Amino acid sequence: MALKKDIRSLSKEELRSFFTSIGQQAYRGNQVYEWLWKKSVHSFDDMTNLTKEQRAMLADKYVINHIRVDQMQRSSDGTVKNAVRLHDGLIVESVLIPTDTRSTACVSSQVGCSLDCKFCATARLKRMRNLNPDEIYDQVVALDKESRHFYGRPLSNIVFMGMGEPLMNYKNVVQAVNLITSDDGLGMSPKRITISTSGVPKMIRQLADEGLKVKLAVSLHSAIDDIRTEIMPFNAKMDLGQLRSSLEYWYSKTKSRITYEYVVWEGINDKGSDIEALIEFCRFAPAKVNLIEYNPIDDGLYVQADDQVIKAYVKALESNGITVTVRRSRGKDIDAACGQLANKSTA
Ligand code: SF4
């Protein structure tokens, strides 16, 4: 028996055409689209403004693939981590990070990751597949519900900082952003969405041309090629020169400040020369640096530098007029912190 097609792979136009092709009115396509995205229903039976016959006909032809939150863990600091089961049984993780005023969703874009950063737990999973736009969208919907439930407010921000390299799943990530920001979807402002990349120059240029109005964050971790290649081996092929020129292009097109994510590790990037190189790298476009607390993964090869070094970074960046924040990790007790997402909860 042929597998039924996932109805959410159809655009609104395609749904409208489908109805006209079977001799029915096109607006039925709009109704179905609204049920699928704005109302996120999982069953054709819930589409109560369609006739029984129409619902049965859709169920006969299509399925509605959707994610299932297999396990939800809540950290002592309020962070929530979802282990999300996809329709084919694979698992990704997504995280809700609440502060006093904000609820930020951190979503995954791939099962595993295409890249091989040495310090990252996700890298060990290897890339199994890209997530579809609806699978990214559904993570946001699930976290939005949890934010309303636990904190009485909708999501305020979304970051593509979970498992995977979003720009290596470019088309689906862009489509997910379009759905999240569309009035037919969640209607969120793109300014509240940050795409966090490890730095894929060709795709940063493409994103600049896309005109999405999202923010860009780059996991930099070193502004010295040899060191960056040691910790992020893909840097050998996509080096800092190429990254810099793609970011210059990004800024020239978007006029949007670039955020650099940066972890300081003992014996790796904790010297004065590392700080100087970072300051130099921040000069060509308005930049902000997030110094992120590192959460060791089990092999203990990478250890966060001590507070004195972090203070030296902050002082030097600030005295050069560069905005810097020190990010304390959230959700450590449930392995939900940055770089820790590795499907441990369901392993
Ligand atoms: S840090 Fe990001 S890009 Fe690097 S391996 Fe981990 S998930 Fe992939």
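In this predicted model, Ser40 is buried, since its relative accessible area of 19% falls under the 20% limit. Ser40 sits in the loop that links helix H2 (27-36) to helix H3 (52-61). The backbone at Ser40 has a phi near 45°, a positive value in a residue other than glycine. Most residues other than glycine have a negative phi.

A positive phi also occurs at Lys255, which is not a glycine and has a value of about 55°. Lys255 belongs to the loop between helix H8 (240-254) and strand S12 (258-262). With a relative accessibility of 55%, Lys255 counts as exposed, because the limit for that class is over 50%. Ser40, by contrast, is buried. A further positive phi, near 65°, is found at Gly152, the residue that follows helix H4.

Helix H4 covers residues 133-151, which gives 19 residues. From the first C-alpha to the last, H4 reaches 27 Å, close to the 27 Å expected at 1.5 Å a residue. H4 is mostly covered, with 14 of its 19 residues buried. An α-helix has 3.6 residues a turn, so residues three or four places apart point the same way.

Ser94 is located in strand S5 (residues 91-98). The relative accessible area of Ser94 is 0%, so Ser94 is buried. When neighbours within four places in sequence are left aside, the contacts of Ser94 are Val80, Lys81, Asn82, Val84, Cys106, Val107, Gln139 and Leu143. Gln139 and Leu143, both in contact with Ser94, fall within the residue range 133-151 of H4.

Lys191 lies in the loop between helix H5 (170-181) and strand S10 (193-197). The relative accessibility of Lys191 is 57%, so Lys191 counts as exposed. Apart from residues up to four places away in sequence, Lys191 touches Lys213 and Lys215. Lys191 and Asp70 are separated by 121 residues in sequence, and their C-alpha atoms are 30 Å apart in space.

The shell around the ligand consists of Cys113, Leu115, Cys117, Cys120, Thr122, Ala123, Gly164 and Ser198. By class, five residues of this shell are nonpolar and three are polar, while none is charged.

For the protein as a whole, the secondary structure comprises ten helices and 14 strands. The radius of gyration is 22 Å, close to the 20 Å that the globule rule gives for 347 residues, so the protein is as compact as a globular protein of that length. Along the principal axes, the C-alpha atoms fill a box of roughly 70 × 40 × 40 Å. Of the 347 residues in the protein, 54% are buried. The accessible surface comes to about 15,700 Å², and carbon and sulfur atoms account for 49% of this surface. Among contacts between residues at least 6 apart in sequence, 65% join residues at least 24 apart.

How values were computed:
Residues are numbered from 1 along each chain as its sequence is written. This is a predicted model: local features need pLDDT of at least 70, side-chain atom pairs count only at pLDDT 80 or more; totals for chains, interfaces and linings use all residues. Side-chain values use heavy atoms; hydrogens and water are left out. A residue is near a molecule or strand if one of its heavy atoms lies within 4 Å of it. Ala, Val, Leu, Ile, Met, Phe, Trp, Tyr, Cys and Pro count as nonpolar, Asp, Glu, Lys and Arg as charged, and the others, Gly among them, as polar. Helices (H or I, at least four residues) and strands (E, at least two) are DSSP runs, numbered from the N terminus. The radius of gyration is taken over C-alpha atoms; the globule rule is 2.2 Å times the number of residues to the power 0.38. Buried means under 20% relative accessible area, exposed over 50%, partly exposed in between (1.4 Å probe, protein chains only). Contact means heavy atoms within 4.5 Å. Accessible areas come from the Shrake-Rupley method with a 1.4 Å probe; for residues, only the protein chains shown count as cover. The expected span of a helix is 1.5 Å times one less than its number of residues.
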